[in-house]
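This report goes through a structure for a reader who has not seen it before. Please look at the sequence and the structure first, then read on.

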Amino acid sequence: MRSLSEILFPSRCIGCSKLGISICSECRRDWHLHIYKREVSVLGSTYPVLSAVQYSPIASRVLLSAKESQIAAADLLVAKGLKHSLEYFINKYGIGTLISVPSRKSAVRKRGRDFLKTMTTELGLDLNISTAAPLSHHRKVRDQSQLNIAQRSQNISGAFAVSSQFAALNSPGNIAPNLIVIDDLITTGATLQEAIRALRTAGFTVLGAVTSCTAKPLR
């Protein structure tokens, strides 16, 4: 027998809102897991970024449903995308501690959770990989969604700092872990570049980054 909640609040497709499963077969065409590779350049080095899903209106709804509405089915789709990308990344480039890109404090307050930190922690538990969240904003930044490529780069450049506790892992006598940066989406690559820059500046070796989705770079 279906539960009362299922009767009162029947499942709808995240992509098109049709009654039925969490993502219908038609919308799943735009949330089909592949491997997409891009690269970002930081401090004279190039880093691979692997993603599972090409950004689209459907992918946008999935990400927003997870980040802003905390819909469990959307969380699961994003998590599967991250896991798909990460497993391929590890096979090709090696394993490392997973580092989540920091969310703005205002976004965390609004959502009631640090979305990427939560996703990264669960991903690490699923694959038995260590995780950490040492990055934070040490100055205010604007919401990147409405900025062009030049504005995004200027907005985020130099914005991240590494916690002193995590930086101490790189002190003499310690064997610092290799790192893999985790984000939900790569658009221009500016956010991932800044995360890698901060970690590199603190002396860590970064293998690259993994995201669930990849969008065509803005102009």
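A residue counts as buried when its relative accessible area is under 20%, as exposed when it is over 50%, and as partly exposed in between. The model described here is predicted.

## Confidence

The average pLDDT of the chain is 86, and 85% of the residues score at least 70. Residues 1–9 have a pLDDT below 50, and in the model this stretch makes three contacts beyond near neighbours in sequence. Where pLDDT is low, the predicted coordinates should not be read in detail.

## Helix H3

Helix H3 covers residues 57–67. Eight of its eleven residues are buried, so H3 is largely enclosed by the rest of the structure. The buried residues are Ile-58, Ala-59, Ser-60, Val-62, Leu-63, Ser-65, Ala-66 and Lys-67.

## Packing of H3 and H4

Two packed helices are described by the angle between their axes and the distance between the axes. For H3 and H4 the angle is about 115° and the axes are 8 Å apart. The crossing of H3 past H4 is left-handed.

On the H3 side, the residues in this contact are Val-62, Leu-63, Ser-65 and Ala-66; on the H4 side they are Ala-74, Asp-75, Leu-77 and Val-78. Sorted by class, the contact of H3 with H4 has six nonpolar residues, one polar and one charged. Val-62, Leu-63, Ser-65 and Ala-66 are also among the buried residues of H3.

In the pair of Phe-89 and Tyr-93, the ring centres are 4.9 Å apart and the planes lie at 45°. Planes under 30 degrees apart would count as stacked and those over 60 as edge-to-face, so with planes at 45° this pair is tilted.

Both residues belong to helix H4, which runs over residues 72–93. Phe-89 and Tyr-93 are four residues apart in H4, so about one helical turn separates them. Is each of the two buried or partly exposed? Phe-89 has a relative accessible area of 0% and is therefore buried. Tyr-93 has a relative accessibility of 25%, so Tyr-93 counts as partly exposed.

## Thr-120 in helix H6

Thr-120 lies in helix H6, which spans residues 115–127. With a relative accessibility of 1%, Thr-120 counts as buried. Which residues does Thr-120 contact, leaving aside its neighbours within four places in sequence? They are Leu-98, Ser-100, Thr-131 and Ile-182.

Conventions: Residues are numbered from 1 along each chain as its sequence is written. This is a predicted model: local features need pLDDT of at least 70, side-chain atom pairs count only at pLDDT 80 or more; totals for chains, interfaces and linings use all residues. Side-chain values use heavy atoms; hydrogens and water are left out. Rings of Phe, Tyr and Trp (its six-membered ring) pair if their centres lie within 6.5 Å; planes under 30 degrees apart count as stacked, over 60 as edge-to-face and the rest as tilted. Helices (H or I, at least four residues) and strands (E, at least two) are DSSP runs, numbered from the N terminus. Buried means under 20% relative accessible area, exposed over 50%, partly exposed in between (1.4 Å probe, protein chains only). Axes are lines fitted to C-alpha atoms, for helices over the stretch in contact, and angles run from 0 to 180 degrees between N-to-C directions. A crossing is left-handed if the near helix is turned anticlockwise from the far one by less than a right angle, and right-handed if clockwise. Contact means heavy atoms within 4.5 Å. Ala, Val, Leu, Ile, Met, Phe, Trp, Tyr, Cys and Pro count as nonpolar, Asp, Glu, Lys and Arg as charged, and the others, Gly among them, as polar. pLDDT is the predictor's confidence in each residue, from 0 to 100.
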